[in-house]
Amino acid sequence: MSGYTPMMEQYLAVKATATDAILFYRLGDFYEMFFDDALTASRELEITLTGRGAGQEERIPMCGVPYHAAEGYIAKLIDKGYKVAIAEQVEDPATAKGVVRREIVRIVTPGTVMDTRALGDGANNFIVGVAASGDRYGFAACDLTTGELYVTSFPATGEAVKNALNVYRPSEAVGDGTALALLTEGIAPTNRSIVTTTREESDTRALAEQFPDEQWNRHEAVRQHAVAKLIVYLNETQKRSLSHIRAIKAYESEAFMSLDAFTRRNLELTETVRDRSRKGTLLSLLDRTRTAMGARLLKRWIDQPLLDRSQLDSRLDAVEALHQDWLQRKELRDELGEVYDLERLTGRIAYGTANGRDLNALKTSLQRVPAIQRLCQNLGAAPLSSLADRMDACEDLATAIEQAIADEPPANLKDGGLIRAGYDAKLDSLREASQNGKQWIAELERQEREATGIKSLKIGFNKVFGYYLEVTRANLGSLPEGRYERKQTLANAERFVTPELKEKEALILEAEERMADLEYEIFLKLRDRISEQMPRLQRLAESIAALDVLQSFAEASAERRYSRPSWTEGDNYELLIEEGRHPVVESVNENGVFIANDTRLSQSDGSILLITGPNMAGKSTYMRQVAMICLMAQIGCFVPARRAVLPFIDRIFTRIGAADDLVGGQSTFMVEMKDIQVMTEQATERSLIIIDELGRGTSTDEGMAIAQSVIEYVHDHIRCKALVSTHFHELAHLEESLSGLRNGCMAVKESAEGVTFLRKLVAGAADSSYGIYCAELAGLPDTIVSRAYSLLKDGGSITRREAAVTKEAAPNRDAAEAAAKSVLQLSMFEEPPAQVKPFKAATTPAQDKLLDKLRKLDVMRMTPLQALEWLNDARNQLTESGEG
Ligand code: ADP
């Protein structure tokens, strides 16, 4: 005998089945936690820890939360990386013999949260399953809220796993021991992730049950195992049907451009380096989606650039058609704005948590589909027409919901008021009975007032006594003795009943109870019927999401003056960008002037560009802009350039010298070298390599030696396109020995007032690093700056002003100066662009104000006449302030 009370015995038995979760144990109106769970929960949730004598001498630690507030507490624990098991009473306490039976009805884990408020609309919440077999890994990723399931496999390397994890950013993973270490390493940085180890062998029987129509033998075994691990885990934790997980999207990981974690981060595709926020990323820039599904898909497209030309061309054709026709695009955007999150709605329907409002949201969304289809057809682009053709407006479902569900149903399913009048004869007759009963009561009130002459007599209702007649104390004298039965005495009134009133009451209450039950039953039937059509709804959601992303590309491209890229034909592997811009830097540039730059990497013009120049000159912005443009083209978006002719890039590598990995605890130089090692191993002729500040983390001699040998390796062995920046301007001599390398530098203008960065790339190498000048700009004390100049002078006989331009390393000093003088009419390759504003062009306050107004102008909402008037005003303002 343990000596515990029977209830505690039951608790311990339930807890034994969920050892890795915090058990929320339902007792009346509370969820209670005991023992270690109570200690953890009280600490994490900041709730009071109490104790309970449970038949033992020592009190058991305990704490609890009210059941109606549980959701918030659960979300908090999940967010901190715990799992929460919820044990409910599974029999009626009124009829139960002994301790009420309790069972775990669901285990909530970070990867299986269904409370979409906690997750946010714009992001998926993935749980992944990983299986290893020989030299392959199988990988499956599922979002339980939407029912998406992606499956792939790849060679068993840490790198490949990390790349996959980077696409999905799972909040939870299950896998067998072999893959476990990698998973932990790969997703640990997100912190709130959980990794669960499963048995080595996996139970593939679950596959046949979950996916009756799938021919599993067509999938590689290791993929089957990955999915099986996931499904088994989901079954164990969710303990309910997962009918919305049906469609398996299998793909080859080689179908997408490979981007390692560092490159993703460095290019700030979906989160910023500084604070991991979304603002200031390519994602936030391109996100003009109108639906939550679209927003999620956009992120996916950015995370997985395509390598397939026909797929890309059809995305671009669609974007072009939408781009050209702003009127229809606007209409389409309006329609899409009325479409709810179909994926999560269907998820809730399948999960049995959708209420009447959800069904109405589904209906409203479905009703938009015909108009969306029409607009797509009208736009006259084949990919849009075929998207429209694939859309199924599910009219049968919309009609069924329209007929059954009331216009404004309550949130609670058991309160009644869900189902429309006229939908169900039985329900209507019950409603009539209750209505008649109520009328009878109203009539009774009228009659009794008349009979007794008491005007204030009224009939009321409460949950304890039901219907009653109420007479105020002052009027009791006018009431004939024995007319009613006395029921309750209040301070200033008396309440009565009559046998007929009680009889009617019984009828009304019975009708109402039956009504609520019947409404609930009708609702469930309808919800199940919709649930059976899950695949149709999911396909529709998919098409709408794709359309939304395409229009988002078109909208952003129109707003930001992007243009359609084209591809280099055949084997000619040229990369040509005219007047390219960095999309994000351009968008946040406070003075609004971004200097466009050209890029040409080809057989004849050289495939490696070695960029020298001072800090802050714009080197990294320039290099990243080339990578961004290539990437944007390969997700099917227009690009920030006047013209771009691009090759298909299979991978983008970006490396930054001495990047901080303090968290990882590795020496920064070591990290750089490891990155370079991965690059040398994996880059192909079709890759794009970007190395910023190569060889910075070690001594000058060594750094320069390493930089030179890496560049030579890229040139001779990898032979891909590369942009390399270095502050070792001494490396400029490589242009003589490497036929495929060209020097470039960021033009700098010097004058009596100081140095101005022109942010323009010109051919040739830089003269100097302007390091001390930068220190001066940063506001270092004059003593330090002067001392630095004098030290430099001692070492290499340079005066302060001269330090800015050293003679010996200035093969093209003239070119840079010419560029500076003409304040930038100079482009690196072709004719000069029409009119480039100098970076430091001084604007007056009046101009600034005007520019600001121009930026905020909502052109789409103006009539042509208003636009003309605005233009005229603007010109007048400029002339008035003498700046015209
Ligand atoms: P570097 O890599 O040479 O140190 P960055 O590329 O970091 O220089 O650029 C420094 C800053 O200059 C950027 O933060 C950006 O605001 C600005 N900048 C860079 N390129 C341009 C450009 N083409 N036009 C306008 N501003 C630019």
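Arginine 514 and glutamate 510 are about one helical turn apart, because they lie four residues from each other in helix 19 (residues 499-532). Helices (H or I, at least four residues) and strands (E, at least two) are DSSP runs, numbered from the N terminus. The model is predicted, so local features need pLDDT of at least 70 and side-chain atom pairs count only at pLDDT 80 or more, while totals for chains, interfaces and linings use all residues. Residues are numbered from 1 along each chain as its sequence is written, and side-chain values use heavy atoms, with hydrogens and water left out.

**Salt bridges**

- Arginine 514 and glutamate 510 form a salt bridge, their closest N and O atoms being 3.3 Å apart; the term denotes a side-chain nitrogen of Lys or Arg within 4 Å of a carboxyl oxygen of Asp or Glu.
- Arginine 514 is partly exposed at 35% relative accessibility, and glutamate 510 is partly exposed at 44%. Buried means under 20% relative accessible area, exposed over 50%, and partly exposed in between (1.4 Å probe, protein chains only).
- Helix 18 (residues 425-452) holds glutamate 450 and arginine 446, four residues or about one turn apart, and their side chains meet in a salt bridge at 3.5 Å, N to O.
- Of these two residues, glutamate 450 is exposed, with a relative accessible area of 62%, whereas arginine 446 is partly exposed at 43%.
- A salt bridge also joins aspartate 396 to arginine 536, with the closest N and O atoms 3.0 Å apart. This pair links distant parts of the chain, 140 residues apart: aspartate 396 belongs to helix 17 (residues 395-404) and arginine 536 to helix 20.
- Aspartate 396 is partly exposed at 34% relative accessibility, while arginine 536 is buried at 19%.
- Arg136, Glu220, Arg223 and Glu252 are connected in a network of salt bridges; the total count of salt bridges is 52.

**Nonpolar cores**

- The largest nonpolar core contains 134 residues, and Leu286 and Leu384 have the most contacts inside it. Such a core is a set of buried Ala, Val, Leu, Ile, Met, Phe, Trp, Tyr and Cys residues joined through side-chain atoms within 4.5 Å.
- Helix 20 (residues 534-559) supplies the largest share of this core, 13 residues.
- A second, separate core of 26 residues includes Cys142, Leu149, Trp216 and Tyr351.
- Neighbours within four places in sequence aside, leucine 384 is in contact with Ala318, Ala321, Leu322, Cys376, Leu379, Leu547 and Leu550, where contact means heavy atoms within 4.5 Å.

- Seven strands form an open sheet in the order 13-23-24-25-21-26-27, with mixed pairing; two strands pair if DSSP finds at least two bridges between them.
- Strand 13 (258-259) and strand 27 (754-763) are at the edges with a single partner strand each, so one side of each has no neighbour in the sheet.
- Five bridges pair strand 21 (residues 608-612) with strand 26 (residues 741-751) in the parallel sense, and leucine 609 has arginine 742 as its bridge partner in strand 26.
- Strand 2 (residues 30-34) runs antiparallel to strand 4 (residues 60-66), joined by five bridges; cysteine 63 in strand 4 is the bridge partner of methionine 33.
- Strand 3 (residues 50-52) is paired with strand 4 in the antiparallel sense over three bridges, and threonine 50 has methionine 62 as its bridge partner in strand 4.
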